[in-house]
Amino acid sequence: MSHIIIIGAGITGVTSAYELINLGYQVTVLDKHLYPAMETSFANGGQLSACNAEVWNQKSTVFKGIKWMSQKSAPLLLNPSFSVHKYTWLMEFLGQIKNYEMNTRETVRLALMARNRLFEIATQENIEFNLEKRGILHFYHNQHDYDDAIRVNQLLTQSGLERYAVSPQEIKSIEPTLTEEYFGGFYCPADATGDIHKFTVGLAGVCKDKGVKFLFGTEALTVQHYEHGIELIYRHSKENIRTDFGDEKISADAILVCAGVGSYQLANMLGDRINVYPVKGYSITVNINDERSIKNTPWVSLLDESSKIVASRLGMHRFRVAGTAEFNGYNRDIRADRIQPLIDWTNRHFDICTEHVVPWAGLRPMMPNMMPVMKQGKRKRIFYNTGHGHLGWTLAAATAAIIGQEIFKKIPI
């Protein structure tokens, strides 16, 4: 039986492990953390959102980014300090503007495939993750933003997405807890929400029961390539209290890199260039404890296009609000000036208590073309499933199935 090593136990790594173990491979997953889904897969916006499949490669996004550079609370923030990685990424991003429509259509295709596959896995394996199939509602505050959205909606629907315009009255009918007035919106009834962390942890448990071996608290050091296999040398990470052990080795037939923002460095080590850049996003989890807040917290997931903020109900007692994109390297600091706009947005749109709020920040692994990487590397035993950006939760079930089939073609069981 062929042995596949997966580096990374986030949503992409665990869904990939699930697909590979079901294909008949022996699978080992390494992760530097002590548990699955402890980085970008920990506390995202919760949306399984084919309706948010539009890639960002547009001139309007660039102009907005330049305008927002001086505003600390802006939806998109770029630290202008020089970094070769950052500026080569930005140049490649600009070069992908010409592929905006093609890449958006492909992202919709992947998202629809992933949605079906994830629902199938959750049902088959009986995974509870606060799934709500109530759709996602986008709303707009002015005609200018709404007119731009009409063009985007045409592209999305032509790509196969069910999404239709709704009036201000219909917005309130779909989600009556909203307290503001809105110009108009679009509703995608088949999209859903759920807790990515709970799903990933649950699926990791399923994988373990099926025979997947997890090596938590470990990080890859080097890889030796041989004609009939590879040997990975790893050590215990800083999070692992077992610091008295030296480097260890594990042999396998192939490696699959699902390491999020760490994929850039790993790819360099393995002889490939995977130009993932970390784009920081923030979220708050509002703990809903009082009767008024339980009643007034929305169940339909929302996306406010003007502020680029998303919101999802996660069970009876949690409300997740997330947003912002920050180009500031591998910095994971939780900044108060980026968290406060999420709290203010929640207070402005809902009559709920925000006394008990848990802030979080995570790094999205973004490619310049905003597309996930699912491919074999230069060496025949190296594969990648990474670079999902802000749509890891939305796309992972599809990309895992695709890379699983790619490995199946190249590495006999």
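**Strand pairing, sheet and salt bridges**

Reader: Over how many bridges do β11 and strand β12 (residues 248-252) pair in the antiparallel sense?
Author: This is a predicted model, in which local features need pLDDT of at least 70 and side-chain atom pairs count only at pLDDT 80 or more, while totals for chains, interfaces and linings use all residues. Residues are numbered from 1 along each chain as its sequence is written, and side-chain values use heavy atoms, leaving out hydrogens and water. Strands are DSSP runs (E, at least two residues) and so are helices (H or I, at least four), both numbered from the N terminus; two strands pair if DSSP finds at least two bridges between them. For β11 and β12, antiparallel in sense, the number of bridges is five.

Reader: Which residue of β12 stands opposite isoleucine 233?
Author: β11 covers residues 229-236, and β12 covers residues 248-252. Opposite isoleucine 233, the residue in β12 is lysine 249.

Reader: Which residue in β11 stands opposite threonine 218?
Author: Strand β10 (residues 218-226) also pairs with β11, in the antiparallel sense over eight bridges. A hairpin of two residues joins β10 to β11. The residue opposite threonine 218 is histidine 236.

Reader: How many residues of strand β11 are buried?
Author: Buried means under 20% relative accessible area, exposed means over 50%, and partly exposed lies in between (1.4 Å probe, protein chains only). β11 has eight residues and is mostly covered. The buried ones number seven.

Reader: Which strands stand at the edges, each with a single partner strand?
Author: The open sheet has six strands with mixed pairing, in the order β9-β2-β1-β13-β20-β19. An edge strand has one partner, so one of its sides is left without a neighbour in the sheet. The edge strands are β9 (213-216) and β19 (373-376).

Reader: What angle does the direction of helix α11 (residues 392-410) make with that of β20?
Author: Within the sheet, β13 (residues 254-257) and β20 (residues 382-386) pair in the parallel sense over three bridges, and leucine 256 has phenylalanine 383 as its bridge partner in β20. Helix α11 packs on this sheet and touches β1 (3-7), β13, β19 and β20 (contact means heavy atoms within 4.5 Å). The angle between α11 and β20 is about 170°.

Reader: How many salt bridges does the structure hold?
Author: A salt bridge is a side-chain nitrogen of Lys or Arg within 4 Å of a carboxyl oxygen of Asp or Glu. One of them joins glutamate 120 and arginine 117 (2.3 Å, N to O), which lie three residues apart in helix α4 (residues 100-125). The number of salt bridges in the structure is 20.

Reader: Is aspartate 195 buried or exposed?
Author: The side chain of aspartate 195 meets that of arginine 318 in a salt bridge (2.8 Å, N to O). The pair links distant parts of the chain, 123 residues apart: aspartate 195 is in the loop between β8 (192-193) and α7 (196-210), arginine 318 in strand β17 (residues 318-327). Arginine 318 counts as partly exposed at 22% relative accessibility. Aspartate 195, because its relative accessible area is 3%, is buried.

Conventions
Axes are lines fitted to C-alpha atoms, for helices over the stretch in contact, and angles run from 0 to 180 degrees between N-to-C directions.
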